[in-house]
Amino acid sequence: MQYDHILIRYGEMALKGKNIKQFIIRLQENIQHKLAAFPNIKVKRTQGRMFILLNGHDPEPIIEKCKNIFGIQSMSLAIKVENDPDKIKEAALYALKNATNVNTFKVSVKRINKDFPIASQEMNQVLGRHLLINTNEIKVDVHHPDLEIKVEIRLEAAYITSSVIQGLGGLPVGTSGKSLLLLSGGIDSPVAGYLAMKRGVQIEAIHFHSPPFTSERAKQKVLDLAKQLTKYGKSIQVHIVPFTKLQQEIFREMPDGYAMTIMRRMMMRISERVCVNQEILSLTTGENLGQVASQTMQSMNTINEVTNYPIIRPLITMDKTEIINISREIGTYDTSILPYEDCCTIFVPKSPKTKPKREKANLFESKKDFTKLMDEAIAGIETIKVSARDTETKFDGLF
Ligand code: ATP
Ligand code: MG
C-alpha cells in the first residue's frame, strides 16, 4: 500500500461556468509542462477532479513543483483502491499510520457511487471502528481532529486522502491572455509580473537598456529576474530595447523638469508598438502610487496619455513592505537588490516635476521629432527567450 496519486483541487475555477472546461484543460497542460522532467507521471482528469498518477515516483519533488502552479487551490496525496470495503479500510489505516503528530482523527466518507453497498454515514462508523481497533491511543474527534481522513467512493474507484497541502490559488497562466511587462531591474516590476501571472496572464517582458551607461550585468540581471518568473509559468520572451540614443536626445533637448516624463511616455509608445507586433493586448508595470516623482497621480495621468492600452498595475495601492514581502516569497528580492544601475537611475534630472501637465509635455514633444530615434530603437530590439531549463534563445528580426 502507498500513496500513488496526488489529488488536485481548483477552487476558484469552479465558479467560471461555461469557461470551466477551457480553464481545466489549461491547468492540466500547465501541470504537464511543469512535470515534463518526470516521464512516468501522468496527469488525468475525471469528472470534477484532477489527479497526478505517480507510478511509483516519490511525491515530494512533484508537490514542490505543483506549489508554484497557479490555479491549484490545494493538493492531497491520495490512495486509489477498488470499491471494496476491506481495501478501503486498509488504505484508511495506512493514511492514519503514515501521518505524524496525530492524536485525534475523523473519517469523512462521500459516496458518489450509489451502487456501493454501504451508505456514507455507516461507512464512517465502519472505518472509524477499524482505525480505533488497529491503533493505540488515537481517539476520534469530529470537531477539531488533528487529521481528517477523507474517503471518496466514486464510480471507478475509491480515493483516500488525508492532509491538505496549500497551493498558490489564482488562475492557470494563459487563461487571461497576454500582457507586456515593463521589467526594470528593481524590486517592484518582477512582483507586478508575478501578480499578473496569478490572474492567469501570460507575460512577455520589455526592458529599456542604455549601454554603456547601463552595463551588461544590469541586462543580465533583468534576464535573471525574468527567469525567476518562469518558475510560475512557461518560458518568457524578453525584448531588450536599445534606448541610449533616444534617452540622450530626450535629456539633451527637453526641459530638465520634463525629461523624465517624456522618457516614460517614449517607453509607453515603444511598448505599445511591441504589443501590436506581438499581438499583446495590455501593459503591466510595477508602478505604485506616490512612491516617486514619476508615480504621482498627475504624473501617471500625463504618462498614460500616450497609450490607450489597458495598463495593469498590480502594486498600485500596496505598501512597500508588502511588495518586499512578496518579492522575498517569490525569490526575486535578492536579485533585485543587486546594485547595477538601470536607465532610470542614470539619467536623473536635477528637479523632475512631480506634477507634469499633459499640455506641456505635448508642447515640448512637438518641438522635436523623435520618430526616427524611436524607429531605430524598435528596429534594434533584441529578443531573448528565457526558460526555466537554463536555456536562452536569441531571436533577430522580430521587429
Ligand atoms: P521597479 O522597482 O520596478 O524598478 P520603481 O519603484 O523603481 O520600480 P520607477 O523607476 O518609477 O519605479 O518605474 C516604474 C515602472 O516603470 C517600473 O515598475 C517598471 O514597470 C517600469 N520601468 C522602469 N524602468 C524600466 C526599464 N528600464 N525598462 C522597463 N521598464 C521600466
Ligand atoms: Mg526602478
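**Reading the model**

Tutor: Start with Leu183, which is buried because its relative accessible area is 2%, under the cut-off of 20%. Keep in mind that this is a predicted model.

Student: Where does Leu183 lie?

Tutor: Leu183 sits in the loop between β10 and α5 (188-198).

Student: Which residues does Leu183 touch, not counting residues up to four places away in sequence?

Tutor: Leu183 touches Ser189, Pro190, Ala205, Ile206, His207, Val222 and Ala226.

Student: Which residues does the UniProt annotation "binding site" cover?

Tutor: An annotation comes from a record and may be inferred rather than shown by experiment. In the unreviewed UniProt entry, "binding site" covers Leu182, Leu183, His207, Phe208, Arg264, Gly286 and Gln295.

Student: Is Leu182 buried or exposed?

Tutor: Leu182 has 13% relative accessibility, so Leu182 counts as buried. Its place is in strand β10 (residues 178-182). With neighbours within four places in sequence left aside, Leu182 is in contact with Ser189, Ile206, Phe208, Met268, Ser271, Leu283, Thr284 and Thr285.

Student: How do I read a pair of helices, and at what angle do the axes of α5 and α10 cross?

Tutor: Look at how the axes approach each other and at the angle between them. The axes of α5 and α10 come within 9 Å and cross at roughly 70 degrees. That angle makes α5 roughly perpendicular to α10, because 65 to 115 degrees counts as roughly perpendicular.

Student: Which residues in α5 meet which residues in α10?

Tutor: From α5 come Asp188, Pro190, Val191, Tyr194 and Leu195, and they meet Lys320, Ile323, Ile326, Ser327 and Ile330 of α10. By type, the residues of the contact of α5 with α10 are seven nonpolar, one polar and two charged.

Student: Where does Thr332 lie, and is Thr332 buried or exposed?

Tutor: Thr332 is in the loop between α10 (320-330) and α11 (333-336). Its relative accessibility is 1%, so Thr332 counts as buried. Apart from neighbours within four places in sequence, Thr332 is in contact with Pro190, Leu225, Gln228 and Ser327. Pro190 and Ser327 are also among the residues that meet between α5 and α10.

Student: What about Ala361: which residues does Ala361 touch?

Tutor: Ala361 belongs to helix α13 (residues 358-366), and at 0% relative accessibility Ala361 counts as buried. Residues up to four places away in sequence aside, Ala361 touches Tyr258, Ile262, Arg265 and Thr302.

Student: Where is Gly397, and is Gly397 buried or exposed?

Tutor: Gly397 lies in the segment after β16 (392-395). With 69% relative accessibility, Gly397 counts as exposed, since the cut-off for exposed is over 50%. Gly397 and Gln202 are 195 residues apart along the chain, and their C-alpha atoms are separated by 22 Å.

Student: How many disulfides does the structure hold?

Tutor: A disulfide requires two cysteine sulfur atoms within 2.5 Å. The structure holds zero disulfides. Among its cysteines, Cys66 is buried, with a relative accessible area of 0%, and Cys275 also counts as buried at 0% relative accessibility.

Methods. Residues numbered from 1 in each chain as written. Chains lettered and ligands numbered in written order. Predicted model: local features only at pLDDT ≥ 70, side-chain atom pairs only at ≥ 80, totals over all residues. Heavy atoms only, no water. Buried < 20%, exposed > 50% of the residue type's maximum accessible area, 1.4 Å probe, protein only. Helix = DSSP H or I, 4+ residues; strand = E, 2+ residues; numbered from the N terminus. Contact = heavy atoms within 4.5 Å. Axes fitted to C-alpha atoms, helices over the stretch in contact; angles between N-to-C directions. Parallel < 35°, antiparallel > 145°, perpendicular 65-115°, else oblique. Nonpolar A, V, L, I, M, F, W, Y, C, P; charged D, E, K, R; others polar.
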